[in-house]
Each structure stands twice: as C-alpha cells, then as structure tokens.
Amino acid sequence: MTVADAVRRAVGAVADPELRRPIGELDMLRDISVDDGVAHVAIALTIVGCPAADRIAADVRQAAASVDGVAEVALEVGVMTPQERQALTERLRGGKAREMPFGPGTLTRVIAVTSGKGGVGKSTVTANLAVALAARGLAVGLVDADVHGFSIPGQLGLVAPDGAAPQPTRIDDLMLPPVAHGVKVISIGMFLRRADGDRSPLGAVAWRGPMLHRTVQQFLTDVYFGDLDVLLLDMPPGTGDVAISVGQLLPNADVLVVTTPQTAASDVAVRSGLVARQTGQRVIGVVENMAAMALPDGTTLDLFGSGGGAAVAAALSSEGHEVPLLASIPLSPTLRKDADAGIPAVLAHPDDAASQAIAEVAATLAATPRGLSGRSLPFRPQ
Ligand code: ADP
C-alpha cells in the first residue's frame, strides 16, 4: 500500500458528525496524493457552510497527519455538485425514492406515546424513556408530534445560541435530526421561528388538519434517522387530527398511554387508547404518572389520588389481549427540575424514584419483541 493509499484509508474513516457515517462511504473524498511528505487531500462536503465542516476538516487533517510518511497536510475543502448530493441523499434513503420508512414491514419498533389530556407528563415520560433506551445501547429516534404543546427540545437541552431550538441541517430535501443524549430528535419547535426570534408556538396553533398531516408525514419521510431500533412519537394529547394521521401513516405502531392516577384523567386516556386501536395500532401498556410521592417524614403525598393507571389498563384490555400497567411514576420535583434544565432525570438523577420507574419501563420495552398479537385489523372508512 502506498502512503497515498494509507492516507485515503485513514481519511475515509473520519465520521461525518451529523450523518454518523465515514466520509469515505459518503463519497466525500476527492483527489489524494502524497508528494515529498506533503499529503494533498481534497474533500467535498454536502453543502456550503455545512455546520459540521470545521470538525470534519480538523478530523481529516489529524487522520492524514497520523499516517507514517506524512509530515504536512494540505487540505482543500470543496462542495458536492447537486448531482453528487442527489446521489448521496438517494443512498442515505437506502436507494429508494422518497418514501416513509417506518410503515408496516419496518424493522424499527414504533411507539406512539399518547394521553387523554395535556399536562399529565407525557412528554416528560417520552423524553426520559428515549434517553433510557439509548443508554441501553439502542438506536433511538424521537419525533415530537405534539405540534401545539411541543416541549421535547427544551427537555433534551436542544437549545441554539439564540435560545430557540436548533434548526436541522438540510441536504436538499433530507433533514438531519439534531442528536441529544444519544437520541435523534425532530420537533416542530425546530421550524417555528418568528422574525423577531421569538420561539413562541403561536404559529402552530392555527394549523389545521391537512397541514398537520403533511408535517408529521414530512417528519417521517424527510428526516434521515438511519437504521433505528426504536422510534418514539410524542403525540399531542387527545384524539385529534395528528392522532388520526399517525394512525393512518403508522398502523403498525405500538401505543403507550400515559395517565395520572386521577379518574377524570383516566376516562379521556381510555378514549385515546381506543382511537389508536381503531387504526390497527396495539396498546402495549399504560404508564401512570404523578402518583403518590414518599415524603422525607415517611408519609406519602397523594396529590392526584390513586387507581387511574390500573383502571385505564383494565378498560383497554380485551379478551386475549391484556394491557399491562407498566409503571407508576411518583411525583418528583427532581424529574421536573431536570426536564427544565434539559438533562432528563434518568441520566441526571438515576437514583430518583421516578427515574427508576421510567428505567424499568425502558427495560421492559427493550426486552419485549414487537408482535402482532392483540392487533386488530385496521378500520378503514369507505
Ligand atoms: P404533557 O406532555 O402531558 O403535556 P409534560 O411532560 O409537559 O406534560 O409535563 C407537564 C409538567 O409536569 C412539566 O412541568 C413536567 O416537568 C411536570 N411533571 C411531569 N411528570 C412529573 C412528575 N412525575 N413529578 C413532577 N412533575 C412532573
């Protein structure tokens, strides 16, 4: 092997930090030669001003310099042609034209996390569950489909210097999801930006069904998640347009219902579970959140009563398909504070009782294969 071959091999192994693949595989290498100890290395990046450019350039320099026989590196950074970029996005999509990779037949386990009403801690549970699954070594994606009440970017600490959620990098029509705590994340919050920089979600409130449907579909089709073990969807509460869209796009999804122990919350939670089932989705479990909390003096604080989780699980169970109550997560100031600080409690405070309850759900989900049992046939209106 010549020195130039060795340089090509070393440089080709450098990973693109956003695409998470070696740049050699991504066809980013151009001419490489070694002259009198000087390695001339040319690479082509996806887009001008690619945010990862500095990092790639530094890694390429270092990789080339580490090769025996190289005393100096002359690096030339160019940009792919539109044709090269198109070839790359097609390759990233697995050689297929634009299509949604998470529908029936996918090897990714798709889990939609839903609740009857807002404020029950659905997003908090979803964010913690996602990082807990990633910490177990699974490749995890998270789609924040809670278009009216998105909170996932903040909970995962995805904040750009201007205080808004970072915008995903685009390679033509392919979007690269930001990664937080090992989870690839896409959220409507990353696209709403008003001229004054205010990131208020007001813009989304007026959105109607078709626009919401397109947005969710675009998240599932145009975001490059790569091969995922698990895709979590943080659904908006209730049984509105997004629930129906996701039901149609992902009839293969498993559904996790989050409720508080309060009976008033559990009634609506049952309804959202039933709607999911009508589209063929399978309710795989109920998570009760904001349950009684043990106080330092040994007493318990039972703010929202008890029994809601078990009641929802019983109501969603049918003959031959028992829906389990997967966990009862206690009220926890730590869980809330860590969510506000952008580091999920399962990472920041794994010993907290709420973190442990969520980690158990992650362990259960990681251990149970997805199956077709208990799946009803999709209901299709004529
Ligand atoms: P949802 O997604 O259901 O609207 P969120 O996840 O946004 O709800 O949670 C609502 C609020 O409750 C947040 O401030 C969150 O930090 C807090 N919260 C969620 N779960 C708990 C819990 N177990 N203990 C204490 N606070 C919680």
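Predicted model: local features only at pLDDT ≥ 70, side-chain atom pairs only at ≥ 80, totals over all residues.
**Notebook: ligand site, cavities and pockets**

Residues are numbered from 1 along each chain as its sequence is written, and side-chain values use heavy atoms, with hydrogens and water left out.

**Ligand contacts**

I then listed polar contacts (pairs of N or O atoms within 3.5 Å). A backbone N or O atom of Lys122 lies 2.8 Å from a ligand oxygen. Thr124 places a polar side-chain atom 2.5 Å from an oxygen of the ligand. For Asn289, a side-chain N or O atom is 2.9 Å from a ligand nitrogen. The ligand on its own has 560 Å² of accessible area, of which the protein covers 80%; I record that the method is Shrake-Rupley with a 1.4 Å probe.

**Ligand shell**

Helices (H or I, at least four residues) and strands (E, at least two) are DSSP runs, numbered from the N terminus. Ala, Val, Leu, Ile, Met, Phe, Trp, Tyr, Cys and Pro count as nonpolar, Asp, Glu, Lys and Arg as charged, and the others, Gly among them, as polar.

**Cavities**

I next checked the whole structure and found two cavities of 30 Å³ or more. On a 1 Å grid over the protein atoms alone, a cavity is a set of points where a 1.4 Å probe fits but cannot get out, and lining residues have an atom within 4 Å of a point. The largest cavity has a volume of about 100 Å³. Its lining includes Ala112, Thr114, Met235 and Gln281. Helix 9 (263-278) and strand 6 (109-115) each supply two or more lining residues, with the largest share, three residues, from helix 9.

**Largest pocket**

A pocket is an open set with protein on both sides within 12 Å along at least five of seven lines. The largest pocket has a volume of about 540 Å³. Of its 24 lining residues, Leu92, Arg93, Pro101, Gly226 and Asp227 are closest to its centre. I note eleven nonpolar, five polar and eight charged residues in the lining of the largest pocket.

Notes:
Polar contact = N/O pair within 3.5 Å; in protein donor to acceptor, adjacent residues only side chain to side chain. Points joined across faces, edges and corners; volume = space filled by probe spheres on them.
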